[in-house]
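This report looks at a ligand and its surroundings, and then at charged pairs and the surface. Please have the structure open while reading.

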Amino acid sequence: MPNLAGKVAIVTGAGRGIGRAHALALAAAGAKVVVNDLGAGLAGEGHDDAPAQQVVAEIGAAGGEAVANGENVADFDGAERLVRQAIEGFGRLDILVCNAGILRDRMLVNMTEDEWDAVIAVHLKGHFAPTRHAAAYWRERSKAGDEIRGRVIMTSSPSGVFGNVGQANYGAAKAGIAGLTLIAAQELGRYGVTVNCLAPNARTRMTEETFDMGVPEAGFDPLDPSNMSPLVVALSADEAQGITGQVFHVWGGAVNALRGWSAGELFASDERWDADALLAELLARFPDGVAPTGMIAGMQAAGGQSLRAQ
Ligand SMILES: NC(=O)c1ccc[n+]([C@@H]2O[C@H](COP(=O)([O-])OP(=O)(O)OC[C@H]3O[C@@H](n4cnc5c(N)ncnc54)[C@H](O)[C@@H]3O)[C@@H](O)[C@H]2O)c1
């Protein structure tokens with residue numbers, strides 16, 4: 001395992017599920033960890049300090065060092081306090097894993113304004129805010145002459161990169177996070193910070209209610225949340241300094257560096273298209289029509305499987 005001794009990490013939403021696994025793995029690799037979790041319900045309701053504190057206790061029992069933080073990542077000032085807690089408590093910040101999230105699934109035609117706003121806030125703003133404050137810290141350290149090996153690891157979703165029915169709010173936020181990864185990677189490279197993103201798959205309370213996923217009686221469990229964390233540890237290693245701006249789909253042991261929006265079918269004309277001619281060309285190139293294949297097909301093409309029992 002890469003040696004992260006001396007490094008300090010923040011993991012948001014680390015009281016449960018995938019974030020908990022990341023926090024345990026980073027601590028096992030030697031990093032000191034700020035375990036952030038609001039302790040919210042699945043839809044983002046309520047506040048409970050216990051999940052973050054339990055993970056801190058687990059890390060301590062395994063010989064690691066961690067501290068709890070109960071800030072809401074979608075609160076700009078709260079995110080700044082989170083980043084400051086790492087810097088003031090542990091003396092520095094090296095790794096930021098943005099992972100906290102909620103769900104309020106609904107078909108687009110029935111989605112309420114509040115369902116839209118809450119999900120966009122926790123995911124999209126909840127990734128922007130801690131990244132923004134961590135980036136300001138790294139820029140300051142870089143300008144002061146420090147050699148920075150900063151890491152931001154964000155969390156998108158198959159829903160965001162392939163598109164999933166019933167998740168217009170969540171998928172739009174997760175697609176936004178993939179876009180944020182691309183831009184932050186380009187902006188922060190000059191300060192020595194890499195920015196990458198996971199599109200994970202795991203059995204957590206977030207997926208258990210929707211999908212029928214049993215635990216295998218024996219052998220490798222592809223949906224164990226811990227399967228998501230070796231990539232986080234690997235990307236945090238100093239040697240991974242050249243890997244940035246990537247969105248990785250992870251299913252069990254299959255890690256796929258996705259190719260996102262990239263040049264596709266070109267309709268080229270030397271001058272402005274005439275709409276009739278362009279329509280004729282569209283119909284000629286797509287004689288059977290063209291439409292997204294959806295999340296399950298995308299996951300399978302990336303080396304995963306459907307989350308539904310086969
Ligand atoms: N489980 C999957 O298969 C899957 C698939 C794709 C993406 N994801 C993403 O992975 C991440 C982790 O999800 P999970 O499956 O472990 O879910 P989870 O519900 O088990 O964990 C999410 C944690 O985030 C915390 N949280 C929620 N809102 C918060 C806020 N505003 N501030 C701080 N903490 C907050 C919750 O209290 C919870 O402990 C999420 O971003 C999720 O969208 C998960």
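## Contacts with the ligand

A polar contact is a pair of N or O atoms within 3.5 Å. In this predicted model, a backbone N or O atom of Asn 99 is 2.7 Å from an oxygen atom of the ligand, so the pair falls within that cut-off. Ile 18 also faces a ligand oxygen, with a polar backbone atom 2.8 Å away.

Taken alone, the ligand exposes 830 Å², of which the protein buries 98%. Helix 1 (17-28), helix 4, helix 6 (168-188) and helix 7 (205-208) each give two or more residues to the shell around the ligand. Helix 7 supplies the largest share, three residues.

## Make-up of the shell

There are 31 residues around the ligand, and those that come nearest are Asp 37, Asn 99, Tyr 170, Thr 204 and Arg 205. Sorted by class, the shell holds 12 nonpolar, 14 polar and five charged residues.

## Salt bridges

Side chains of opposite charge can pair when their charged atoms come close. The whole structure has 13 salt bridges. One of them joins Lys 7 to Asp 238, with the closest N and O atoms 2.7 Å apart. This pair links distant parts of the chain, 231 residues apart: Lys 7 is in the segment before strand 1 (8-11), and Asp 238 is in the loop between helix 8 and strand 7. Lys 7 counts as buried because its relative accessibility is 11%, while Asp 238, at 37%, counts as partly exposed.

Glu 71 and Arg 81 form another salt bridge, 2.8 Å from N to O. Glu 71 sits in the loop between strand 3 (66-69) and helix 3 (76-90), and Arg 81 is in helix 3. Glu 71 is buried at 19% relative accessibility, whereas Arg 81 is partly exposed at 38%. A further pair is Arg 92 with Asp 94, whose closest N and O atoms are 2.7 Å apart. Asp 94 is buried, with a relative accessible area of 4%. Shared partners also join Glu 71, Asp 75 and Arg 81 into one salt-bridge network.

## A nonpolar surface patch

Which residues form a nonpolar patch on the surface? They are Met 107, Val 109 and Val 165, with about 350 Å² of accessible area together. Val 109 belongs to the loop between strand 4 (95-97) and helix 4 (113-143). Val 109 counts as exposed because its relative accessibility is 76%.

Key. Residues are numbered from 1 along each chain as its sequence is written. This is a predicted model: local features need pLDDT of at least 70, side-chain atom pairs count only at pLDDT 80 or more; totals for chains, interfaces and linings use all residues. Side-chain values use heavy atoms; hydrogens and water are left out. Patches are made of residues with over 30% relative accessible area and no salt bridge: like charges are joined within 9 Å, nonpolar side chains (Val, Leu, Ile, Met, Phe, Trp, Tyr) within 5 Å. Accessible areas come from the Shrake-Rupley method with a 1.4 Å probe; for residues, only the protein chains shown count as cover. A salt bridge is a side-chain nitrogen of Lys or Arg within 4 Å of a carboxyl oxygen of Asp or Glu. Helices (H or I, at least four residues) and strands (E, at least two) are DSSP runs, numbered from the N terminus. Buried means under 20% relative accessible area, exposed over 50%, partly exposed in between (1.4 Å probe, protein chains only). A residue is near a molecule or strand if one of its heavy atoms lies within 4 Å of it. A polar contact is a pair of N or O atoms within 3.5 Å; within protein, one must be able to donate a hydrogen and the other to accept it, and residues adjacent in sequence count only if both atoms are side-chain atoms. Ala, Val, Leu, Ile, Met, Phe, Trp, Tyr, Cys and Pro count as nonpolar, Asp, Glu, Lys and Arg as charged, and the others, Gly among them, as polar.
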